[in-house]
Amino acid sequence: TCDVCGMVIAQHPGPTAEIFYADQRPGGHDNPARFDSTWEAFQFDFEREDWSREAFYVTDYSAVDYELRSDDGQQLISRHAAAEDFADANDVTFVVDSAVLGTMGRDLIAFSEASDAEAFADEHGGDLGTIDDVTPELISSLGM
């Protein structure tokens, strides 16, 4: 389940993330902390700035055959949460706030290939950025 909202991750569409922390038990369980949206992972991490982050993984949409579907007039991206579907968040280009939504609404969709992120943003809108561009203010502007 998601360590922010408690939803069952596998039952919902969109990007997912995992964060490993040194000497911590996120949500009272062993690492990693798990999230059903990328923005919730960043939100969780920003709220724990005193924790030592060891690794931050996000769904890599360059590495999977993703699908887009329409649901109640909203365009959603498929969920991919197997270990091989993840990339280090430090090594991806995010498409931020595109017309394509994740489980919790407006999100950050990660691509290990910058050209894939550019093509996605050209087709679906959104801004490109790296982990260094993600701020608490940006995260508070996303979601539902």
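In this predicted model, Gln 75 stands opposite Val 100, a residue of strand E8. The strand pair E5 and E8 runs in the parallel sense and is joined over two bridges, with E5 covering residues 74–77.

- Three strands, in the order E4-E5-E8, form an open sheet in which the pairing is mixed.
- Its edges are taken by strand E4, residues 68–71, and strand E8, residues 100–101, each of which pairs on one side only.

**Glu 40**

- Glu 40 belongs to helix H1, which spans residues 38–46.
- Although Glu 40 is buried, it has no salt bridge, and the nearest side chain of opposite charge, that of Arg 79, is 7.8 Å away, whereas a salt bridge would require a side-chain nitrogen of Lys or Arg within 4 Å of a carboxyl oxygen.
- When neighbours within four places in sequence are left aside, the residues in contact with Glu 40 are Cys 2, Val 4, Cys 5, Phe 35 and Met 104.

**Gln 11**

- Gln 11 is located in the segment that precedes strand E1, the strand formed by residues 17–22.
- Because its relative accessible area is 60%, and the cut-off for an exposed residue is over 50%, Gln 11 counts as exposed.
- Gln 11 and Thr 103 are separated by 92 residues in sequence, while their C-alpha atoms are 9.4 Å apart in space.

Technical notes. Residues numbered from 1 in each chain as written. Predicted model: local features only at pLDDT ≥ 70, side-chain atom pairs only at ≥ 80, totals over all residues. Heavy atoms only, no water. Helix = DSSP H or I, 4+ residues; strand = E, 2+ residues; numbered from the N terminus. Buried < 20%, exposed > 50% of the residue type's maximum accessible area, 1.4 Å probe, protein only. Lys, Arg positive; Asp, Glu negative; His and termini not counted. Contact = heavy atoms within 4.5 Å. Pairing = 2+ DSSP bridges.
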